[in-house]
Amino acid sequence: MTRIFCRNKEGRGRDSQEKARKIRFFCFRFVICAGIVYCTVYGILYQYAGRLPKDRILYNIYIGKTDVSGMTAAEAENILRRRLDENRQKKVTMAVGKRSAEATLEELGVGYRDIGGLVQAAEDYGKVGNLWSRCWKIRRLEKRRLVLKESLILDYDKAEKVMTERVVPLTDHAEDAQIRREEGEFRITPEKKGRTIDIKGSISVIEQILNERWGQGAVTVKMKQKSEKPSVTAEELEQIQDELGTFSTDAGGGRRWLNLKRGSEMLDGSVLMPGQKLSVHDMTAPYDEDHGYVEAGSYEGGQVVDSYGGGICQVSTTLYNAALLAELKVVERHPHSMPVSYIELSRDAAIAGDYMDLVLQNPYDDPVYIEGMIDDENRLCFTVYGKETRPAGRRLEFQSETVEAEAYTVIYKENNKEPLGSVVCVSEPHEGKTARLWKSIYQNGQEISREKINSSKYEKTDKIVEVGTATADQRAADYVREAIESQEWKKIEEAIDAVTISDFQEEEY
């Protein structure tokens, strides 16, 4: 029995080995056949894909509505740009309720987001990736077109400018609360909420239309809006109750008075919110007849001349002193070229062109109100109102101190058009001075601090005396001219007496 069992076991082993050998042989033949088939198919596909142009876009490929089949990348980009240029003059109607404004696509700065990348994608289609994927894409083009989506965008800065200028004014904006002081009382008009244009959102809507449903024609878009809050509320203006500082100067008369009145009117009613600045030049300019100003005396190059707006510096000076008492922040202030008669040294504030200005800033947590007028006593007066937060018993004093003085010089000049011996003073002399302004703070009558507010330098103005030399007697003219060159009045006076026939009334110059 044992022998039979062993023989059967050995037979089954040989059968298993034979079976395994046949399976290996079959697998080997299958792999060989599969490899031959793969290589054959791959070679056919390779030849198929290799016949296609490498530098041109394949058939049946579109970018948007533009057929770019058979084009090079450069040709496709050029034709896309040309067609967009043709469409730049198409109108975009931007509607806000029943109102609207128009702009061309060119004005809004329309352009492609990435035209180079878009054309490159068209050129690469069917040419990039593994062979099987490429052939599948190529085969697919034979059945239906490939449309690559355009991506148009607007230039944000250009679109924002157009919308700000043309569309934003069409909305029902918020209205700030208003305040006026009339008959000694403040009257407040409440604020109103409103709407304004959501520029960023509106640009996105236009871009969406251009990219998804634009028919290459005119576009109408309903602009997106957002709520707008007023920047000044009645609650804030109700805090304006107290007089913080007031100052006045003599308004005088004549044509200069008209400019003082006009300048004070332009500043009257100004409200400065916390941190807000006020430029006197910007509030009162331009100084011309169309804006209510007349010609009057003003300083120019150390001389008094007539100019439109002459006297506006007295307006800024008066406001400057009211602001000092109200303790507003003085951002910019300049002295005159020479002292003025209506205020002490270092307490003036000159205005000249766009290079000398008085700029004030509200340093408080509540708004301030500026009142300007010529009162019943013919005083130019400015008063700053707000909410008094300074301690009771606090008092301010400002003292002007002259630090240095420079005497003016008398200069004699020849005037060959005036009669021989005539003597005329043609300029008003002023000493040159350096001054500074001090601020003293008193609490319950006792000085608790003293600080320098500014330093001011005023140039001297020499006295110019013109001596006439017009005469037919050349020798007499030369004699007086020689005396003028000495710049000594005694010699000049003696020369005049020597060459003139009639007596001259002696006058000290």
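**Exercise 1.** Leaving aside neighbours within four places in sequence, which residues is Ile61 in contact with?

*Solution.* A note before we start: this is a predicted model, where local features need pLDDT of at least 70, side-chain atom pairs count only at pLDDT 80 or more, and totals for chains, interfaces and linings use all residues. Residues are numbered from 1 along each chain as its sequence is written, and side-chain values use heavy atoms, with hydrogens and water left out.

Contact means heavy atoms within 4.5 Å. With that, Ile61 touches Thr66, Asp67, Val68, Ser69, Ala122, Tyr125, Leu141 and Leu146.

**Exercise 2.** Work out how helix H8 and helix H10 are arranged.

*Solution.* Start with the axes, which are lines fitted to C-alpha atoms over the stretch in contact, with angles from 0 to 180 degrees between N-to-C directions. Helices here are DSSP runs (H or I, at least four residues), numbered from the N terminus. The axes of H8 (residues 254-267) and H10 (residues 312-326) come within 8 Å and cross at roughly 45 degrees. The pair is therefore oblique (angles under 35 degrees are roughly parallel, over 145 roughly antiparallel, 65 to 115 roughly perpendicular, the rest oblique).

Next, the residues: H8 brings in Arg256, Asn259, Leu260, Gly263, Ser264 and Leu267, while H10 supplies Ile312, Gln314, Val315 and Leu319.

**Exercise 3.** Is Thr189 buried, partly exposed or exposed?

*Solution.* Buried means under 20% relative accessible area, exposed over 50%, partly exposed in between (1.4 Å probe, protein chains only). Thr189 has 47% relative accessibility, so Thr189 is partly exposed. As for its surroundings, the C-alpha atoms of Thr189 and Ile179 are 6.4 Å apart.

Note on methods
Helix = DSSP H or I, 4+ residues; strand = E, 2+ residues; numbered from the N terminus.
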